[in-house]
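Morning, everyone. Please have a look at the structure I am putting up now.

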Amino acid sequence: MTAAEEVDPEVTALARRHAPEVWEAALQAAKSAAAEVLTRRLTDAILTSATGPRSTAAPEPAIPEPDPGLCAYAITWSHAEVPETLAEVDAAPAVRLLPHEDLAVVVARVDVGMFADLDKEAGPPDGLDPGSRLAVLARQHDAVVRAVFEGYPVLPLRFGTVVRDDRAAALLLEEHRADVSEWLSKVDGHREWGVRVALPAPAGKPPLDGISGTDYLTARARQLNGDQQVQTLARSVVSTLHESLSRCSADAAQREQPPAFFDASYLVRQDREETFHDLARRVEDDLAAVGATLRSTGPWPPYSFTPSQLVIGS
């Protein structure tokens, strides 16, 4: 049976008998249409064979080009040197000094995009992922500042300070040159030390079993009075301590609402540090008598004593 007869035998017979000319025209039109379809399919097959199968997947997103800039960490004297130990800290970038007259800014070439949207990662210090971008960059910043500070005075710059190029860094130095030079001269030979005093945990509530309400209130009042006495004694000790440490220091800063009972920072000349620590140790026994503890931290760069007009950085 021919392809034409498969359409409908009765229609085919009637068309051939009564309208042969119509039948021939229809047959030619069908052949022409079939040729067009076959041509398109052959074309697709040839192209697929030559170039591989067509992909219907969405195109890969374009990877943004790095946006180079300079991360600025601190300002110091132009004769300072960058220690080699920085390479060991979280793969810190290559740090260098960019001098301008008697000052220099400590910089490293970075991709500025690394500092984008860091505020979205911010959270409580104990809840921040140590491997997060914010934590890694913050460790790098502190490591660079402290490494340079081991040998020279520094003015720490705000974390995430970025300038476009060497010229912009030089303009930063020029803009703040007088104030920064005065500041570096003031803190040269000084280091920051922290002193923190923590009180014992408050006494727990007395047990309720086997005592009357009156006895419970009496016991509770005695406990609260004991806690208050501890605070009063400790406050007297740390007040005297703060006065003596302040006289031994070039500057002092006490936090008004510290996480501990007492928390203060002191800017101490290095040749007076031994005296400073001796003064702190003298009150340890007095504090221990009421269950309080004293802890010193440092030495640190002078983070707590940077004047507000010198908090430089975007």
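I'll go through the salt bridges, and then the nonpolar cores.

One thing before we start: this is a predicted model.

Let's begin with charged side chains. How many salt bridges are there? The count comes to nine. I'll show you some of them.

Take Arg96 and Asp166. Their side chains form a salt bridge, at 2.8 Å from N to O. Look at where the two residues sit. Arg96 is in strand β2, residues 95–100, and Asp166 is in helix α4, residues 166–175. They are 70 residues apart, so this pair links distant parts of the chain.

Why "partly"? Because buried means under 20% and exposed means over 50%, and partly exposed is what lies in between.

Next, Arg177. Its side chain meets that of Glu101 in a salt bridge, 2.7 Å from N to O. Again, the pair joins distant parts of the chain. Arg177 is in helix α5, residues 177–187. Glu101 is in the loop between β2 and β3, and 76 residues separate the two.

Arg177 has another partner. Asp102 forms a salt bridge with Arg177, and here the closest N and O atoms are 3.3 Å apart. Asp102 is in the loop between β2 and β3, 75 residues from Arg177.

Glu101, Asp102 and Arg177 are linked in a network of salt bridges. How exposed are they? Glu101 is exposed, with a relative accessible area of 52%. Arg177 is partly exposed at 30%. Asp102 counts as partly exposed, at 29%.

Now to the nonpolar side chains. The largest nonpolar core has 22 residues. Which residues have the most contacts inside it? They are Ile75, Val105, Leu155, Val180 and Ile312. The elements that give two or more residues to this core are β1, residues 68–77, together with β3, α4 and α5.

Let's stop at Leu155. Set aside its neighbours within four places in sequence. What does Leu155 touch then? Its contacts include Ala74, Ile75, Val180 and Trp183. Leu184, Thr306, Leu310 and Ile312 are also in contact with Leu155.

Over to you for questions.

Note on methods. Residues are numbered from 1 along each chain as its sequence is written. This is a predicted model: local features need pLDDT of at least 70, side-chain atom pairs count only at pLDDT 80 or more; totals for chains, interfaces and linings use all residues. Side-chain values use heavy atoms; hydrogens and water are left out. A salt bridge is a side-chain nitrogen of Lys or Arg within 4 Å of a carboxyl oxygen of Asp or Glu. Helices (H or I, at least four residues) and strands (E, at least two) are DSSP runs, numbered from the N terminus. Buried means under 20% relative accessible area, exposed over 50%, partly exposed in between (1.4 Å probe, protein chains only). A nonpolar core is a set of buried Ala, Val, Leu, Ile, Met, Phe, Trp, Tyr and Cys residues joined through side-chain atoms within 4.5 Å. Contact means heavy atoms within 4.5 Å.
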